[in-house]
Amino acid sequence: MKYYSTNNNTPKVGLGEAVVKALAADRGLFMPERIGKMPKAFFSNIGEMSLPEISFAVAYMLFGEDVDSDALKQIVTETLSFDIPLVKVAENRYSLELFHGPTLAFKDVGARFMARLLGYFNAKASEERMVNVLVATSGDTGGAVANGFLGVHGVRVFVLYPSGKVSDIQEAQFTTLGNNITAIEVDGTFDDCQALVKKAFADAELNKRMMLTSANSINVARFLPQMYYYFYAYAQLARMGENLDDVVVSVPSGNFGNLTAGLIAKAMGLPIKRFIAANNRNDVVYKYLQTGKFEPKPSVATIANAMDVGNPSNFARILDLYHNDWEAIKADITGYTYTDEQIAATLAEVYREEGYLLDPHGAVAYRSLVEGLQPDEVGVMLETAHPAKFKSVVDEIIGDDIVIPDRLLDFMHNAKRSVKMSPAFGAFKKYLLTQA
Ligand SMILES: *Cc1c(COP(=O)(O)O)cnc(C)c1O
């Protein structure tokens, strides 16, 4: 299958090229040219299927032409080696816990899938090659990407992070791995890191000397696998005998990769009635839904910081999917936006009254279910991170000392290694060229 650019100004490419390039030549985002519908029989059986079975069926529909079926099955099975439980929090309200992967972040699934797919295309390439993944992180993405790509042949990962501005646990998740993972400790802010990565992608000389790609959700191999969540949530509701006619999914959103994956799942026939785009104070999509105007602006810092995005990159995909039809978008997506105080109050209240501990991102999604769900609807919120990943914030809100899972602490036992870097592009470019 071919992938076209949302800017429609460059030839379509195959999946292998879309994954290695991340961004189209006209700077647009790649979209699959056909979105096939899952057969009726699939939905009548879905309650009896396992997570890898459902995910393989969905992956086959999208990637089946481009990846050998046995290899695809292996990629999907290895990616989803952990469960994604659907937990009932209150009447008609469920939490889909996406945080049971290796770094306890929902980005683990996309990162692992993309890494394995890239490994597959590397093995099929006519000559030995080295793909360099550049990723800027404010904390969470770096760990998921580094762990997803660890040990994959023909791929090197450079994680750029702001020195002193990520938590010790987050830092340990990408600075202690070694092997094909290099941590670049930038003497600056997250924006400096992101600027370095963007300049590198735009630099003609670098791109001539080495293959550079992004593992951000602009990459089709990172964002599309997130569709599995939505199908699996539906399957678990089916198994529980829930009302399947009015399912609403609330998605805590930043760059909108996760929500876009849900919209594509719906386009593939998954009967989700509507979606909620749950935002912190970074509300440009909320404003778009209210006014029809999309006006990106600088991000503001919040306690749900993985959603602090002022110009969500995947919004271009949503516009493309709905042919810029504001009414059609509004029919499928309702927006909510909350302040830090509201997020904290929700987290505390749900913990006190339901005995369920949300993380700040999940709290944004949960609150919009509380406020937005109609009486006949069944709501599923996506819980995107384990609360312990935001321990200091969560501890303060609930006045307790939550336990950090062993899996996170294990990272702390190994020695940290990083390459110190100034935020000037010249220095970064020179360093990359020594790696070419
Ligand atoms: C990345 C992230 C989000 C936002 O996901 P998008 O696909 O960028 O909208 C939400 N919550 C957490 C914990 C994240 O790490």
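Is Arg116 buried, partly exposed or exposed? Arg116 counts as partly exposed, at 22% relative accessibility. (Buried is under 20% relative accessible area, exposed is over 50%, and partly exposed is in between, with a 1.4 Å probe and protein chains only.) Some notes follow.

1. Ground rules. This is a predicted model, where local features need pLDDT of at least 70, side-chain atom pairs count only at pLDDT 80 or more, and totals for chains, interfaces and linings use all residues. Residues are numbered from 1 along each chain as its sequence is written, and side-chain values use heavy atoms, with hydrogens and water left out.

2. Arg116 and its partner. Arg116 makes a salt bridge with Glu78, 2.9 Å from N to O. (A salt bridge is a side-chain nitrogen of Lys or Arg within 4 Å of a carboxyl oxygen of Asp or Glu.) Arg116 is in helix H5 (residues 107-124) and Glu78 in helix H4 (residues 69-79), so the bridge ties together parts that are 38 residues apart in sequence. (Helices, H or I of at least four residues, and strands, E of at least two, are DSSP runs numbered from the N terminus.) Glu78 is partly exposed as well, at 35%.

3. Other salt bridges. The count comes to 20 salt bridges. Asp203 and Lys429 form one of them, at 3.2 Å from N to O. This pair links distant parts of the chain, 226 residues apart: Asp203 is in the loop between helix H8 (190-202) and helix H9 (204-209), and Lys429 is in helix H20 (residues 425-435). Asp203 is buried at 13%, and Lys429 is buried at 18%. There's also a network of salt bridges linking Glu171, Glu185, Lys416 and Lys420.

4. The nonpolar cores. The largest nonpolar core has 105 residues, and those with the most contacts inside it include Phe149, Tyr230 and Phe231. (Such a core is a set of buried Ala, Val, Leu, Ile, Met, Phe, Trp, Tyr and Cys residues joined through side-chain atoms within 4.5 Å.) Helix H11 (residues 227-239) gives the largest share of this core, 10 residues. A second, separate core has 28 residues, among them Val248, Ala363, Met381 and Val394.

5. Phe149 and Ile181. Setting aside residues up to four places away in sequence, Phe149 touches Ala111, Met114 and Ile181, among others. (Contact means heavy atoms within 4.5 Å.) Ile181 is found in strand E8 (residues 181-186) and is buried, with a relative accessible area of 6%. Its contacts beyond four places in sequence include Leu150, Val159 and Phe174.

6. Ala22 has a positive phi of about 65° although it is not a glycine. Ala22 is in the loop between helix H1 (15-21) and strand E3 (30-32) and is buried at 2%. Asn179, also not a glycine, has a positive phi of about 55°. Asn179 sits in the loop between H7 and E8 and is exposed at 65%.

7. The second largest pocket. Its volume is about 270 Å³. Of the 16 residues lining this pocket, the closest to its centre are Ser167, Lys389, Phe390, Lys391 and Ser392. (On a 1 Å grid over the protein atoms alone, a pocket is an open set of points where a 1.4 Å probe fits, with protein on both sides within 12 Å along at least five of seven lines; lining residues have an atom within 4 Å of a point.) Helices H7 (168-175) and H18 (391-398) each supply at least two lining residues.

Conventions:
Points joined across faces, edges and corners; volume = space filled by probe spheres on them.
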